[in-house]
Amino acid sequence: MGNATKLAIAVFLISCSSGAILGRSETQECAYYNSSWEKERTNRSGIEPCYGDKDKRLHCFATWKNVSGNVEVVKQGCWLDDVNCYDSTECVEKKESPDVYFCCCEGSMCNEKFLYAPDGPPQSQTHQSTAYTTSNPFPPKPPIFSTLLYSLVPIVGLAAVVLFSFWMWRHHKLAYPAALVPTHDPGPAPPSPTLGQKPLQLIEVKARGRFGCVWKAQLLNDFVAVKIFPIQDKLSWQNEYEIYSLSGMKHDNLLHFIGVEKRNHNLDLELWLITTYHDKGSLTDYLKANVVSWSELCHISQTAARGLAYLHEDIPGHRDGHKPSIAHRDIKSKNVLLKNNLTACIADFGLALKFEAGKSAGDTHGQVGTRRYMAPEVLEGAINFQRDSFLRIDMYAFGLVLWELAARCTAADGPVDEYMLPFEEEVGQHPSLEDMQEVVVHKKLRPCLRDCWQKHAGLAMLCETVEDCWDHEAEARLSAGCVEERVGQMQRQVPLIGPEEITVVTMVTNVDLPPKESSL
């Protein structure tokens with residue numbers, strides 16, 4: 001290569017570098033055009049000088065329309081600092097068939113020519129790209145950086161998706177057994193007549209649980225609760241949706257179901273379950289912040305027992321069809337919600353199991369639920385997989401819920417302790433399975449029934465009911481219907497009793513309780 005050739009190359013490189021630097025200087029010029037001026041017969045077009053701050057880049061832009069093959073320029077001129085225009089020496093529109101074409105670039109007069117080259121695959125060699133200019137077209141010259149970017153990003157993205165999918169699959173497999181709930185897919189969520197196209201606006205998170213979180217939301221003028229399940233908890237959402245869809249699931253003491261929705265797609269998929277919103281929240285939350293009177297204890301206990309009894313009951317002749325018997329399998333104070341008048345309703349059917357005459361319960365996993373509320377047979381892994389066994393497991397947990405209410409009742413002559421979860425004194429707030437097995441199965445301990453409760457006729461009757469619910473022998477436990485009947489009798493025979501009314505206590509201490517039911 002001769003010296004003259006080398007000198008020419010050096011001059012060319014220096015001129016290119018200078019041009020790049022000038023393209024990012026404080027001023028530059030852009031081709032200018034405004035179609036609105038032309039309509040006013042001023043035909044305003046030409047060159048526009050651009051000005052900006054030293055730390056900002058200057059760009060040019062062009063917008064145009066393509067009406068049946070006729071290109072109509074709308075505007076050309078200077079453009080503000082925009083990262084989408086960086087290092088682009090050509091004005092290229094890459095969107096597929098936009099209503100109005102737009103491009104921006106960096107460098108003086110770079111918008112004098114503008115190009116349409118969509119990112120999608122070319123339909124044919126002759127229609128791969130189209131260039132427009134006020135004088136003549138020019139072929140597109142994509143930068144090397146863009147070519148590398150478009151080649152590497154899909155590969156890296158695909159690898160990330162595969163790795164994330166594998167991690168999610170492993171997490172789901174380890175966290176929840178495959179046979180936890182029925183596995184058939186109900187398909188896309190049907191449109192709910194209650195929701196329709198009404199706007200649903202999330203407001204704030206009210207609770208977080210085993211499966212996702214619960215939001216307070218607004219549906220037109222009403223507040224609703226939206227339980228959001230991530231994609232890995234699809235089976236729980238599906239099971240709860242199927243339970244709510246069964247005949248006869250509308251009851252005053254069961255949480256009212258409104259509808260379901262699927263939001264987003266693929267790995268970002270969210271499964272929404274919309275129900276009635278109750279401002280007082282769960283029984284757990286209420287007892288943490290409040291104490292209850294004797295009448296309030298009776299009302300909450302009776303309505304919760306009524307809801308559980310209805311859930312357990314098999315009703316062949318229900319007006320909506322055959323309502324099957326359903327075991328909840330995660331009864332706890334957090335899953336009992338309170339309405340404004342303290343009426344209780346049972347919620348969270350993600351682990352619920354239905355029983356139909358002549359059919360087995362299907363494949364299921366026995367050791368599910370919340371550890372501190374697990375019955376002895378669940379902790380031992382010695383469940384008889386029959387309907388009555390699952391219902392009795394619910395009753396053991398319900399006995400613990402009644403104990404929580406008694407511990408926060410003001411009826412007894414004594415101080416009311418701070419709210420504590422069942423067995424919190426024995427195993428703390430986060431017990432392991434082994435901790436619960438040691439306390440409940442081996443030592444056969446139960447939460448303490450205080451001596452002062454026995455001095456109050458109503459609480460004494462409630463204590464006997466609680467003991468009959470959490471009996472170590474499953475067959476000896478009360479049914480939910482029997483608990484409802486007993487609480488009703490307590491309320492009638494011990495009305496609004498307090499420690500100052502000792503004379504009334506002595507009059508009703510020998511009240512006979514309804515007998516236990518021999519079978520569920």
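Q: Let's begin with the whole chain. How many helices and strands are there in the chain?
A: Welcome! This is a predicted model, so please read every value as computed from it. The chain holds 14 helices and 17 strands.

Q: How much of the chain is buried?
A: Of the 520 residues in the chain, 44% are buried. The accessible surface of the chain comes to about 28000 Å², and 54% of that surface belongs to carbon and sulfur atoms.

Q: What share of the contacts join residues at least 24 apart in sequence?
A: Take the contacts between residues at least 6 apart in sequence: 62% of them join residues at least 24 apart.

Q: Now a sheet, please. How do strands of a sheet pair?
A: The general idea is that strands pair through backbone hydrogen bonds, in either a parallel or an antiparallel way. Here you can find an open sheet of five strands, in the order 9-10-11-13-12, with antiparallel pairing.

Q: Which strands stand at the edges?
A: Those are strand 9 (200-208) and strand 12 (257-263). Each has a single partner strand, so one side of each is left without a neighbour in the sheet. Ignoring direction, neighbouring strands of this sheet are turned by 30° against each other on average.

Q: Over how many bridges do strand 10 and strand 11 pair?
A: Strand 10 (residues 213-219) and strand 11 (residues 222-230) pair over seven bridges, in the antiparallel sense. For an example to look up, Gln-218 has Phe-223 in strand 11 as its bridge partner.

Q: And what do strand 12 and strand 13 form?
A: Strand 12 and strand 13 form a hairpin, with six residues between them. The two strands pair in the antiparallel sense over six bridges. Look for Gly-259, which stands opposite Ile-274 in strand 13.

Q: Where does helix 4 lie?
A: Helix 4 (residues 234-244) lies across strand 11, strand 12 and strand 13 (270-276), and runs at about 35° to strand 13.

Q: How many residues of helix 4 are buried?
A: Helix 4 is mostly covered, with nine of its 11 residues buried. Among them are Trp-237, Tyr-241, Ile-243 and Tyr-244.

Q: Where do I find Asp-87 and Asp-348?
A: Asp-87 lies in the loop between strand 4 (70-79) and strand 5 (91-93). Asp-348 is in the loop between strand 16 (344-346) and strand 17 (353-355).

Q: Why does Asp-348 count as buried?
A: The idea is that a residue is buried when its relative accessible area is under 20%. Asp-348 has 14% relative accessibility, so it counts as buried. Asp-87, with a relative accessible area of 47%, is partly exposed.

Q: Which residues does Cys-469 touch?
A: Leaving out residues up to four places away in sequence, Cys-469 touches Met-395, Tyr-396, Gly-399, Arg-477, Leu-478 and Val-483. Cys-469 is found in helix 12 (residues 457-469) and is buried, with a relative accessible area of 0%. Cys-469 and Phe-398 are 71 residues apart in sequence, yet 7.2 Å apart in space, C-alpha to C-alpha.

Q: Is Ile-300 buried or exposed?
A: Ile-300, in helix 6 (residues 294-312), is buried, with a relative accessible area of 1%. Its contacts beyond four places in sequence include Leu-283, Val-292, Leu-338 and Leu-405. Ile-300 and Leu-405 are 105 residues apart in sequence and 8.6 Å apart in space, C-alpha to C-alpha.

Technical notes: Residues are numbered from 1 along each chain as its sequence is written. This is a predicted model: local features need pLDDT of at least 70, side-chain atom pairs count only at pLDDT 80 or more; totals for chains, interfaces and linings use all residues. Side-chain values use heavy atoms; hydrogens and water are left out. Two strands pair if DSSP finds at least two bridges between them. Helices (H or I, at least four residues) and strands (E, at least two) are DSSP runs, numbered from the N terminus. Axes are lines fitted to C-alpha atoms, for helices over the stretch in contact, and angles run from 0 to 180 degrees between N-to-C directions. Contact means heavy atoms within 4.5 Å. Buried means under 20% relative accessible area, exposed over 50%, partly exposed in between (1.4 Å probe, protein chains only). Accessible areas come from the Shrake-Rupley method with a 1.4 Å probe; for residues, only the protein chains shown count as cover.
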